[in-house]
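Welcome, and open your viewer.

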Amino acid sequence: MSADSDPGDSRAAVLELRLQGSAASRGIAIGPAVVLAPLHRRLLQWQVVAPSDRSAEVERYQKARDLLLASIRESLTATSFLLRDTHAIIEAYELIATDPALDEAIYTRIQRDGMPAEVAVSTAYDAHIHALATATDSFLRDRRYDLENLRQKFLELLLIPEQQVEHVQGAIVVAPSLLATDVVNYHTNGAIGIVTEVGGITSHACIVARTLGIPAVIGVRNATMIIPHGRTVIVDGSRGTVIAQPNEQTAAHYCSLQREQVSLQRHPVPSAPVATADGITIPVYASVDSPDEVPPALSHGADGIGLVRTEMLLVRLQHFPTEQEQYQWYTMLAERAYPKPVTLRVFDVGSDKFIHGMPHEANPALGLRGIRFLLRRQDLYRTQLRAILRASEHRNVRLLLPMITSVEELTATFDLLATIKSELANTNEPFDEHLPLGVMIETPAAALLAEHFAGQVQFFSIGTNDLTQYTLAADRTSDLVAHIFDQLNPAVLRLVDHVARIAQRHGIELELCGDLATFLSATELLIGLGIRAFSVAPSYISALKRRIPTVDSGQARALVEQALQCRDSASVHALLLDRSTTLTSTSPPEPPLP
Ligand code: PEP
Ligand code: MG
């Protein structure tokens, strides 16, 4: 965090607060903050419940307990599809939540001591957690984490419904965390922006925010403590920046950016692929999470769908879908985009896209993620590949593999595909025999081994979000290392350059679907590097389609040579900034460098 005041403003008694989080849903929102107190603060400020109100309090507790049990039982169904160890842990949750001794302790605290339900639950669980923490047996000691998780879930169920009644019309909601249903409720009640302290970019809540078009920034540490309730807040959902108590200059700057965005959205967008000034056609695809997002993406000018994060289906359903359910979902995507291509990336679960039933790992970004999980659970992988192949009958589907680090992962996938294709052929089910296959280049291993993948696949899709995370060893979700996580770092650019040379030599398509594709200041550099298609969130398509025709690939290559010689990210940014000031007046307005 930094606190800046305008040096030229003598009235700058109130400091402008700039907070950095992760950009979760693009757009700019300006409004008063409605700050929702975190659970622990509510727990500390409780008052004794009057005897006449205690039975209502008991009822509140029982209702929350029923909801908790229902959600545990739902998870049990989901985990039976996934990992058995996890299933056993969730069974233990059920035992704890129905423990008569705990139930009795909570009941007594409410009825006899007049504690509000959440305080009774919290203190009763605390007593058990404390007892377990001092156990000599390490297995028992570790069970306290289960109790802590359960207590947290219980408290959310008790307290979050209350938060929804806050007055949010025209306001920015600042909360410790939000569920997807909360985002829908706040939107319905007129909230215009969202800031949370925790949460992953790909969390269900963020997907909903993007779908509803509410600017959102997540992962803003201590936001509920720092942002004053009722004060003006600017949410820049494209940059992941939150500015509380903006000074006049900042407020005016953001108001004009907001106006520019609105006027840009009104411009007609070319519906066919655009070309660079020297005639290289560069399709701009949309990255979407569901079939519902396809028609709006096409009307934003998408030349196809360059990335479907199919794992979002798991997040939505909260269980592992059958082949038929998946087939219907993929078919809907393919039909809605037809005849334009649709790129289905197989489930990239794990890391920050945790779903029920996955093992808890100390270092999930380096754990059982994407293709690794699928190869461990080949039954699930087979089901998905069968559903995708069946949906490929109209020949506009492409298959994409995430988190590849070795040729073996590709070989194992080919083996599975060959078996499934012959099964489908035997039962006369139509599918695309030449289903194009691509690998995500999002690990340094994949980039450095690209030569060995090139002869076997039809396209590479560079995922700069993860490529940056793994190259710079900087967690993409952590604000503590956000200053290190820079997609324009020369180390990342050198890997992209290496992959581009290989792609060119083998004549395979090179696309970029990481967030770097949305940085208009980097479009020229990326085209110079050899990127020949982009995939971005639908709302970025029009700006990118306006930028591409301003690029000349020959000049872009010269820029690349300079960028590759840079020793750090700052030098690359300086180079691009310098370049952007020399762009012609036909260029779209340039947003500040990310
Ligand atoms: C990436 O890593 O850049 C990417 C596009 O994939 P995801 O953000 O889903 O990990
Ligand atoms: Mg990725």
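**Stop 1: ligand 1**

Select Arg-476 and ligand 1: a polar side-chain atom of Arg-476 lies 2.7 Å from an oxygen atom of the ligand, a polar contact (a pair of N or O atoms within 3.5 Å). Taken alone, ligand 1 exposes 290 Å², and the protein buries 100% of that (accessible areas come from the Shrake-Rupley method with a 1.4 Å probe).

Before going on, note that this is a predicted model, where local features need pLDDT of at least 70, side-chain atom pairs count only at pLDDT 80 or more, and totals for chains, interfaces and linings use all residues. Residues are numbered from 1 along each chain, ligands are numbered from 1 in the order in which they are written, and side-chain values use heavy atoms, without hydrogens or water.

Next, select Arg-345, where a side-chain N or O atom is 2.8 Å from an oxygen atom of ligand 1. At Gly-463, a polar backbone atom is 3.4 Å from a ligand 1 oxygen.

Now show the whole shell: 14 residues surround ligand 1, each with a heavy atom within 4 Å of it. Helix 19 (residues 464-471) gives the largest share, three residues; helices here are DSSP runs of H or I, at least four residues long.

**Stop 2: the magnesium ion**

Which residues coordinate the magnesium ion (ligand 2)? Select Glu-442 (OE) and Asp-466 (OD), which do so at 2.0 Å; donors are N, O and S atoms within 2.8 Å of the metal (3.2 Å for Na, K and Ca), and sites may look incomplete because water is not among the atoms. Glu-442 sits in a loop and Asp-466 in helix 19, 24 residues apart.

Are they buried or exposed? Glu-442 is buried at 2% relative accessibility, and Asp-466 is buried, also with 2% (buried means under 20% relative accessible area, exposed over 50%, partly exposed in between; 1.4 Å probe, protein chains only).

Definitions and conventions: Polar contact = N/O pair within 3.5 Å; in protein donor to acceptor, adjacent residues only side chain to side chain. Helix = DSSP H or I, 4+ residues; strand = E, 2+ residues; numbered from the N terminus.
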